[in-house]
Amino acid sequence: MIRLEGIEKVYRTERIETVALADINLEVREGEFVSVMGPSGCGKSTLLNLIGLLDTPTSGSVHLDGTRIDSYQDKALARMRNRQIGFVFQTFHLIADLSVVDNVEIPLLYRRMAASERRRRAIEALDRVGLASRVHHFPTQLSGGQQQRVAIARAIVGNPRILLADEPTGNLDSQMGHEIMAILKELNSELQTTVVMVTHDARLAEQTTRILRLIDGRQVN
Amino acid sequence: MLRNYLKIAIKVLLRRKFFTVVSLFGISFTLVVLMVATAVLDHVIAPLPPEVHQDRTVSITRASMYGEHSQWTGGAGYRLLDRYARDLPGAERMSVFTSPDQVYSYPNGNKVGVALKRTDGEFWQILRFDFIEGAPYTADDVESARPVAVITRTTRERLLVGAPAVGRTVEVDGQRFHVVGVVEDIPRLRMIPFGEMWAPFTTLKSDSYKTELLGGFSAIVLARDRAAIPGMQEELRSRLARAELPDPKHYTTLVAPLESTFESLARTDIKSESSHAERLWLLMIGGALLFMLLPTVNLINLNVSRIMERASEIGVRKAFGASSRTLVGQFVVENLVLTTVGAVIGFLASLVVLRAISASGVIPYAEFHVNYRILLYGIALTLFFGSFSGVYPAWRMSRLNPVQALKGAAR
Ligand SMILES: Nc1ncnc2c1ncn2[C@@H]1O[C@H](COP(=O)(O)OP(=O)(O)O)[C@@H](O)[C@H]1O
Ligand SMILES: [Mg+2]
């Protein structure tokens, strides 16, 4: 499903050069739930952004679903992100100007789809994360755990094959964290969605099929 | 897609009330000022009745005699107009008349001031007044110096109290006039036709005007077509160059520009051949553009900072499949909605402001109207600037790397 070959990512600013990732070779099969662990600054987010086509590697190649991503053309990337990938971020990144259901509809806006169909699917996704009763609220009217559930609904509304979660429980207390984890596990087992999740929480990582450890941008096994 | 853009745009604008209000104010205020300025200009120079042939009418309102050390500038005199401005090649009609004189009447013991203009009979042929009673006096009336007069609706009310006025007599400045016609009020800023009462110039109490080169007269000349005007100007210049001057020791040259109302507004030097009207046009257009530039720059600024605020929204949209082009589209639609609403408010506000100015009586008898052609230009310009002010920042932001955008980076 996801294959990284000889990935290297170097950030160059005016004076310093940061090697965020070096010599990464990774294969994630369809339906796997992989967690990524490692100290802060070791390159976990960078790795996730490369898989999610939000960023381009300095060298090496990314393969999604058997095809090598070699054209990093804006339009083609946008389409891939839209169809294949769903993101969940540590800080939720909901749009404050939009209601819960409008937030969830965002990925569907960039597809050809009737408004009523969009609405139906958004409510279905919200139902899946247990928030069907908060459809017309605004993000600021929700608790952190509820906001993250909205974010998950947004990530899965387009039925992506891959779900990428960057410390999804990092801003939540442990109880809410476990609730979010339960939702992710359910998506993984019921819909066969491939999940890659960055976490600092060893108890959450233990529940996944595989743990990938990074230190200073390198894999350790 | 467009419907979505619209929906998002309206939502965003409603949620960001402060930004929306500031932008709307900028846009509509600009439009109002533009509309009021052009309405006033139109009021002075547009071809509205009675000046229906404004486009091929030129006038002589001022004259100057000068020599090496002396200069005498003032209104044109009857002799100058009668002797040198008649029968210019390409002229269809020509009329001479005085500038309005403030005269007084004492109906029932009250003192009432009236602006009295003395004219010839041709005056009524070139200018098309709206008669609500009677008819104008004729060239024959003028020749015979008959004491007849045309008055305005307001003058009728003030001097005669109630219609009909035709057949009755008014007494002003110690002279009695038979009223032959009543016309609608004429705005004060319409220099050529303006008056509150008109009478034959031959009824002037003194004959001295007949010999004056400079004095209190003006003339309008109706050209057969616009193309004939330069030839007429040339001919008048050469006739004046050959004119006999009363005091050749002091005065060697006589000039009297023959030009349109706008040219005469633009003229700064009576001796120069051209009035440099283009200069005034450029100045006005430049001023208008500059004036429009201010809110535009302001809008761009607001837009940049607002879109920067929305960096993380852009990151989110990109992460979920928006292409750069889609995002630019979204922001452009937002701005178009904003400017369109601003334009509508501006238009309505212009109507209200113009009506208020007309009603206030600041300018006597003025009626201001929205110039729809200028309104179209104004709206086109605001739309252009509006979308432009949205495109640039949107384009900059859409090129942002999504990871940076999600971090809320503003560069
Ligand atoms: N845009 C950037 N410019 C320069 N350096 C960066 C940038 N993004 C990340 N880095 C650096 O790359 C390294 C890995 O960052 P990141 O992937 O965010 O780590 P993690 O998510 O594991 O905490 C860090 O040293 C970080 O400082
Ligand atoms: Mg990170």
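## Terms and basis

A residue is called buried when its relative accessible area is under 20%, exposed when it is over 50%, and partly exposed in between, with a 1.4 Å probe and protein chains only. This is a predicted model, in which local features need pLDDT of at least 70 and side-chain atom pairs count only at pLDDT 80 or more, while totals for chains, interfaces and linings use all residues. Residues are numbered from 1 along each chain as its sequence is written, chains are lettered from A and ligands numbered from 1 in the order in which they are written, and side-chain values use heavy atoms, with hydrogens and water left out.

## The two chains

Chain A contains seven helices and 10 strands; helices (H or I, at least four residues) and strands (E, at least two) are DSSP runs, numbered from the N terminus. Of the 221 residues in chain A, 55% are buried. Its accessible surface is about 9,900 Å², and 45% of that belongs to carbon and sulfur atoms; accessible areas come from the Shrake-Rupley method with a 1.4 Å probe, and for residues only the protein chains shown count as cover. Among contacts (heavy atoms within 4.5 Å) in chain A with a separation of 6 or more, 73% are between residues 24 or more positions apart.

Chain B has 13 helices and 13 strands. Buried residues account for 51% of its 411 residues. Chain B exposes about 19,700 Å², with carbon and sulfur atoms supplying 59%. For contacts in chain B between residues at least 6 apart in sequence, 75% join residues at least 24 apart.

## Salt bridges

Over all chains, the whole structure holds 31 salt bridges, each defined as a side-chain nitrogen of Lys or Arg within 4 Å of a carboxyl oxygen of Asp or Glu. One of them joins A:Lys9 and A:Asp55, with an N to O distance of 3.4 Å. This pair links distant parts of the chain, 46 residues apart: A:Lys9 is in strand β1 (residues 2-12) of chain A and A:Asp55 in the loop between α1 and β4. Both A:Lys9 and A:Asp55 are buried.

A:Arg12 and A:Glu17 form another salt bridge, at 2.8 Å between the closest N and O atoms, and both of these residues are exposed. A:Arg128 bridges to A:Glu190 at 3.3 Å. Because A:Arg128 lies in helix α4 (residues 115-128) and A:Glu190 in helix α6 (residues 174-191) of chain A, the pair ties together parts that are 62 residues apart in sequence. A:Arg128 has 34% relative accessibility and therefore counts as partly exposed. A network of salt bridges links A:Asp102, A:Glu105, A:Arg118 and A:Arg119.

## Helix α2 of chain A

Helix α2 (residues 74-84) of chain A has as its buried residues A:Leu77, A:Ala78, A:Arg81, A:Asn82 and A:Gln84. They pack against β6 (85-88), α3 (100-109) and β7 (162-166) of chain A, and also against α10 (311-319) and α13 (402-406) of chain B.

Helix α7 of chain B has 13 residues (229-241), which at 1.5 Å a residue should span 18 Å; the end C-alpha atoms are 18 Å apart, in agreement. The expected span is 1.5 Å times one less than the number of residues. The buried residues of α7(B) are B:Ile229, B:Met232, B:Leu236, B:Arg239 and B:Leu240. These cover an arc of only 95 degrees around the axis, so they lie on the same side of α7(B); the arc is that of the directions from the helix axis to the C-beta atoms. Their cover includes β1 (57-60), α3 (78-84), β4 (91-98), β12 (217-223) and β13 (253-255) of chain B.

B:Leu80 lies in helix α3 of chain B and, at 0% relative accessibility, counts as buried. Leaving aside residues up to four places away in sequence, B:Leu80 touches B:Ala63, B:Ala85, B:Glu212, B:Leu213, B:Leu240, B:Leu254 and B:Ala256. The C-alpha atoms of B:Leu80 and B:Leu214 are separated by 7.3 Å, although the two residues are 134 residues apart along the chain.

## Positive phi values

Most residues other than glycine have a negative phi. A:Leu53, not a glycine, has a positive phi of about 60 degrees. A:Leu53 is in the loop between α1 (44-51) and β4 (59-64) of chain A and counts as buried at 1% relative accessibility.

In chain B, B:Asn108 has a positive phi near 50 degrees. B:Asn108 sits in the loop between β5 (101-105) and β6 (112-119) and, at 71% relative accessibility, counts as exposed.
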